[in-house]
Amino acid sequence: MGRVSQAQARENRRRVVETASRLFRERGTHVSVADLMKASGLTHGGFYKQFASKEALIDEATAHAFDELRQLYTAGLEQQAGQRDAARQALIDSYLSVRHRDTPGDGCPVAGLVTDMAREPGDHEAHRVFAQGVSDFAERLGTEDQDGIARLCTMVGALVLARATRDSALSEEILDAAHAAVR
């Protein structure tokens with residue numbers, strides 16, 4: 001089999017990072033390299049041509065997930081014609097929704113990666129990116145009347161609990177209670 005072009009190699013890398021970002025939020029960073037590459041539609045052998053290690057991929061996939069979160073907020077701000085309060089409320093409404101609960105792979109990197117990041121050594125790039133992402137997200141959620149960190153803690157905790165109780169009435173009750181608390 002011939003060598004791939006530089007453009008194809010960049011495309012393959014992008015596809016692996018996007019797939020890893022989704023799978024890590026959905027299943028955790030313990031997903032195997034073989035499973036990641038299969039989900040990306042690529043061979044396991046090609047992984048080490050693209051990444052120095054799985055930790056390097058975790059670093060990149062974490063940054064990618066937080067970039068997606070920033071883009072979502074920016075798009076919401078544009079939709080709300082620059083009105084920060086309206087954009088913040090739309091973000092909260094979307095965050096504490098059944099749809100978000102049921103699609104962790106496309107969802108918030110804070111809720112999706114929190115337990116894995118708690119286990120990561122503090123010197124990994126992913127840990128730094130995660131901490132900065134949490135700080136940035138909390139800042140976006142803050143108002144003059146309500147602390148962004150408290151809001152974020154309420155929202156992430158509610159989402160994680162709602163996902164863990166997904167098959168019960170309690171799940172939606174948790175989302176509703178959190179929604180009322182952060183309004």
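Colleagues, two remarks on conventions come before the structure. The model is predicted, and local features need pLDDT of at least 70, side-chain atom pairs count only at pLDDT 80 or more, while totals for chains, interfaces and linings use all residues. Residues are numbered from 1 along each chain as its sequence is written, and side-chain values use heavy atoms, with hydrogens and water left out.

I begin with the helix pairs. Helices here are DSSP runs of H or I with at least four residues, numbered from the N terminus. Helix α4, residues 54-79, and helix α8, residues 125-141, have axes that come within 8 Å and cross at roughly 15°. Each axis is a line fitted to C-alpha atoms over the stretch in contact, and angles run from 0 to 180 degrees between N-to-C directions. The two helices are therefore roughly parallel to each other, a label given to angles under 35 degrees. Their crossing is left-handed, that is, the near helix is turned anticlockwise from the far one by less than a right angle.

Which residues make this contact? From α4 come Ile58, Asp59, Thr62, Ala63, Phe66, Leu69, Arg70 and Tyr73, and from α8 come Glu125, Ala126, Val129, Phe130, Gly133, Val134, Asp136, Phe137 and Arg140. Contact means heavy atoms within 4.5 Å. By class, the residues of this contact divide into 10 nonpolar, two polar and five charged. In this scheme Ala, Val, Leu, Ile, Met, Phe, Trp, Tyr, Cys and Pro count as nonpolar, Asp, Glu, Lys and Arg as charged, and the others, Gly among them, as polar.

Helix α8 also meets α9, with axes that come within 7 Å and cross at roughly 105°. That makes α8 roughly perpendicular to α9, the term for angles of 65 to 115 degrees. Here Val134, Phe137, Ala138 and Leu141 of α8 meet Gly148, Ile149, Arg151, Leu152 and Met155 of α9. This contact has seven nonpolar, one polar and one charged residues.

Next, helix α7, residues 109-119. Its residues Pro109, Val110, Ala111, Gly112, Leu113, Asp116 and Met117 are buried, meaning under 20% relative accessible area with a 1.4 Å probe and protein chains only. The buried residues of α7 pack against α1 (6-27), α4, α5 (84-95), α8 and α9 (148-164).

I turn now to single residues. Threonine 19 lies in helix α1 and counts as buried, at 7% relative accessibility. Its side chain reaches the backbone oxygen of arginine 15 at 2.8 Å, and the threonine 19 side chain also makes a polar contact with the side chain of serine 40, at 3.4 Å. A polar contact is a pair of N or O atoms within 3.5 Å; within protein, one must be able to donate a hydrogen and the other to accept it, and residues adjacent in sequence count only if both atoms are side-chain atoms.

Leucine 36, in helix α2 (residues 33-40), is buried at 1% relative accessibility. Leaving aside neighbours within four places in sequence, leucine 36 is in contact with Thr19, Ala20, Leu23, Phe24, Val31 and Leu57.

Serine 53 lies in the loop between α3 (47-50) and α4. The side chain of serine 53 reaches the backbone nitrogen of glutamate 55 at 3.4 Å.

Terms used. Angles under 35 degrees count as roughly parallel, over 145 as roughly antiparallel, 65 to 115 as roughly perpendicular and the rest as oblique. Buried means under 20% relative accessible area, exposed over 50%, partly exposed in between (1.4 Å probe, protein chains only).
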